[in-house]
Structure formats: C-alpha cells, structure tokens
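Dear colleague,

Please find the structure below, handed over for your use.

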Amino acid sequence: TWSVEAYKDRKIRELREQIGSHKVICALSGGVDSSVTAALIREAAPEQIYCFYINNGLMRKGESEYVADIMRGRFGSHFFSINAEARFLKNLTGVSDPERKRKIIGETFIRVFEEEAGKISGAHYLAQGTLYPDVIESSPFKGPSATIKSHHNVGGLPEKMSLQLLEPLRELFKDETRELGLTLGLPPELIYRHPFPGPGLAIRIPGEITAEKLAILRDADTILLEEIRRAGLYNEIWQAFAVLLPVKSVGVMGDFRTYEYALSIRCVTSSDGMTADWFHFPHELLSGISNRIINEVKGINRVLYDITSKPPGTVEWE
Ligand code: XMP
C-alpha cells in the first residue's frame with residue numbers, strides 16, 4: 001500500500017542517485033509545492049541545493065521575512081533572498097492590462113532568476129514543484145482558466161542556462177504533497193496556506209500599480225486575514241484576499257468629507273480553483289472587518305463584498 005513515508009524514502013534514494021555530485025538550483029515562492037520540493041531534495045543532497053526567493057514587490061505584508069525566516073533556518077547559506085522590488089515596479093510603470101502585467105512579471109522573474117542563480121557555477125539541475133495535476137494538463141498552462149488567463153509560473157523557466165529539470169513531486173496530488181511536507185518537518189502553517197498567484201498583488205489592483213496602492217492593499221489584506229484567522233475560518237476558505245478598486249467615492253469621517261478608494265473583499269471556497277463559490281461570511285464578522293479596514297487603513301473609505309461565484313466570475317479580478 002502507498003504511504004507517504006515510503007514515497008519519501010524511495011524519492012530520496014532516487015534523487016541521490018540522479019543528482020550525484022551535481023548542483024541543484026530552486027526558486028522558492030513561499031508556497032507549498034516549491035517548499036516541499038526543496039525540502040525533499042535537501043534530504044538527498046543537503047550540500048548541493050541552492051534556493052532563491054525573489055521579492056517582486058508584489059507580495060503580502062511580511063511575506064519576504066516569513067519565507068526567509070523558515071528557509072534560512074533550513075538552507076542556511078544556501079538560501080538567497082533577492083530584493084528585486086524596484087526593478088519589478090519600474091517595469092510595471094504605466095501598465096494596466098492584466099495580461100501585460102503577467103507577461104512583464106514573468107519575464108522580469110526569469111531575468112532576475114537567471115542573473116542570481118547564474119552565480120552558482122556549474123549548476124546542472126533546476127528543481128520545480130510540478131504536481132501530478134500539472135502533468136496531466138499537458139498544456140504549458142494549468143487548467144481551463146489558461147485560455148482565459150496565462151499562469152506564468154507554470155511555463156518554462158530559464159532557457160539560457162540549459163538546466164535539466166528535477167520534478168520529484170510529479171506523481172503527487174496536492175493533499176499528498178502537503179502530507180509529505182509535514183513529514184519533512186515543514187511548519188503546518190506553511191503547508192496549509194491559501195494559494196497565492198505568481199503575479200501577486202499586481203492582479204489585485206485593477207489598473208496601474210503604484211507603491212502607494214500596494215501599501216494600502218497590504219494593510220487591508222493583513223486585517224482581513226487576521227480577522228479570518230481569529231474567527232477560526234482560515235481553513236474553511238480556499239482563498240481570502242482584498243482587491244483595491246480603481247474607484248474613489250465620497251464618505252464622511254467625523255466632521256470631514258473623505259474621498260478615498262473602494263476595496264472589495266473576495267473569499268471563496270473551492271476544491272481545485274477551477275470552480276469556486278463565494279464564501280457565506282457571518283455578517284457580524286464582515287461588518288467588523290469593514291469597520292477595522294476603514295478605521296485603520298488610510299486611503300480606503302468604502303468596503304464591498306464580492307458575491308460572484310466561478311463561473312461566471314474568476315477567483316482573481318484580473
Ligand atoms: P482564476 O482567477 O483563474 O484563478 O479563477 C484560479 C486560481 O489560479 C490562481 N491564479 C494564478 N496563479 N499565476 C498563478 O500562479 C497567475 O497568473 C494566476 N492567475 C490566477 C488564482 O489565485 C486561483 O488560485
């Protein structure tokens with residue numbers, strides 16, 4: 001019978017044989033798949049794996065510190081956190097079209113990764129967290145939404161570097177990947193995180209992205225997740241996030257008229273992201289979140305709740 005322990009032992013043996021004395025590079029996103037991939041390979045070749053986390057400036061608040069904390073503890077001097085925030089934001093200046101945003105983010109990511117990982121001389125393998133569902137969807141993009149939106153993180157990585165792919169999770173489903181991650185000692189909090197898209201907050205700010213808008217969205221997003229965790233609902237929700245709308249509206253605060261952005265909260269349940277239902281939020285909690293966001297986040301004076309399922313909507317707004 002299949003067991004995650006047996007799978008782990010077999011994979012470690014196979015990886016050891018395959019890797020030999022070669023070097024392996026790996027891009028960590030902070031998500032489950034890349035984290036488990038790297039942790040597994042580390043068991044097979046601890047001195048030969050080099051991990052890179054690229055901060056594209058489109059991450060949630062505290063995300064880069066969170067990832068660095070966990071990964072530095074594990075990979076030590078073989079973990080590199082690259083701050084490419086300014087470069088991504090510069091390349092995205094004046095861009096509003098969702099697909100152009102994705103393309104620019106994907107291309108910038110590859111450039112930065114090539115430059116940084118290229119410093120590891122003689123790297124032979126590139127580790128990727130490809131899962132079984134990604135394999136059976138033989139298209140270079142994941143799932144039916146691919147015809148609607150391109151998912152950059154599934155397409156090809158560096159071409160210049162002529163690396164061989166190492167995909168040790170190719171036989172696993174998501175739940176098995178999570179189980180494996182737990183047996184490898186990764187923190188449960190990381191293992192059960194909501195999915196987060198490669199282009200990050202860029203596709204949660206319809207229209208042009210600015211540092212100011214990113215800061216506003218980060219603060220609102222942090223409050224939303226805090227409240228959902230506090231209510232014990234995090235694990236019942238597939239994804240929970242906020243979208244900063246390119247619309248300002250009039251409000252009143254104390255004796256003053258305000259004219260600030262509107263924000264939409266998006267929480268959905270799903271089993272694979274292909275279809276999704278909007279989450280039936282307890283009204284009290286929703287009103288608490290709205291109050292906190294409007295009181296604590298400068299720049300927002302109106303909060304909406306998105307009640308669109310997928311289809312006909314998509315999970316993300318872009
Ligand atoms: P949609 O918005 O297509 O999202 O209903 C389905 C799932 O995919 C995620 N998503 C992305 N993930 N790059 C990613 O890595 C992308 O460009 C991208 N677009 C959407 C979305 O967060 C949801 O989990």
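**Confidence and findings**

The protein averages a pLDDT of 93, and 92% of the residues score at least 70; pLDDT is the predictor's confidence in each residue, from 0 to 100. This is a predicted model, in which local features need pLDDT of at least 70, side-chain atom pairs count only at pLDDT 80 or more, and totals for chains, interfaces and linings use all residues. Residues are numbered from 1 along each chain as its sequence is written. The model scores ipTM 0.99 and pTM 0.92.

One stretch calls for caution. Over residues 138–147 the pLDDT stays under 50, and the model has 17 contacts beyond four places in sequence for these residues. Two residues are in contact if their C-beta atoms, placed from the backbone, lie within 7 Å. Where pLDDT is low, the predicted coordinates should not be read in detail.

Turning to the domains, the assignment gives domain 1 (4–191) and domain 2 (210–305), with bounds that come from an automatic or database domain assignment. The centres of domain 1 and domain 2, taken over C-alpha atoms, are separated by 29 Å. Five residues of domain 1 are in contact with five residues of domain 2. By class, the side of domain 1 that touches domain 2 has two nonpolar, one polar and two charged residues. Here Ala, Val, Leu, Ile, Met, Phe, Trp, Tyr, Cys and Pro count as nonpolar, Asp, Glu, Lys and Arg as charged, and the others, Gly among them, as polar.

Two helix pairs may also interest you. Helices (H or I, at least four residues) are DSSP runs, numbered from the N terminus. Axes are lines fitted to C-alpha atoms, for helices over the stretch in contact, and angles run from 0 to 180 degrees between N-to-C directions.

Helix α1 (residues 4–19) packs against helix α7 (residues 174–183) at an angle of about 75 degrees, with their axes 10 Å apart. This makes α1 roughly perpendicular to α7 (65 to 115 degrees). V4, E5, Y7 and K8 in α1 meet E176, E179, L180 and T183 in α7. By class, this contact of α1 with α7 has three nonpolar, one polar and four charged residues.

Helix α9 (residues 211–230) and helix α10 (residues 283–296) pack at about 150 degrees, their axes 10 Å apart. This makes α9 roughly antiparallel to α10 (over 145 degrees). In α9, A220, I223, L224 and E227 meet L285, G288, I289, R292, I293 and E296 of α10. The contact of α9 with α10 has six nonpolar, one polar and three charged residues.

With kind regards

Conventions. Angles under 35 degrees count as roughly parallel, over 145 as roughly antiparallel, 65 to 115 as roughly perpendicular and the rest as oblique.
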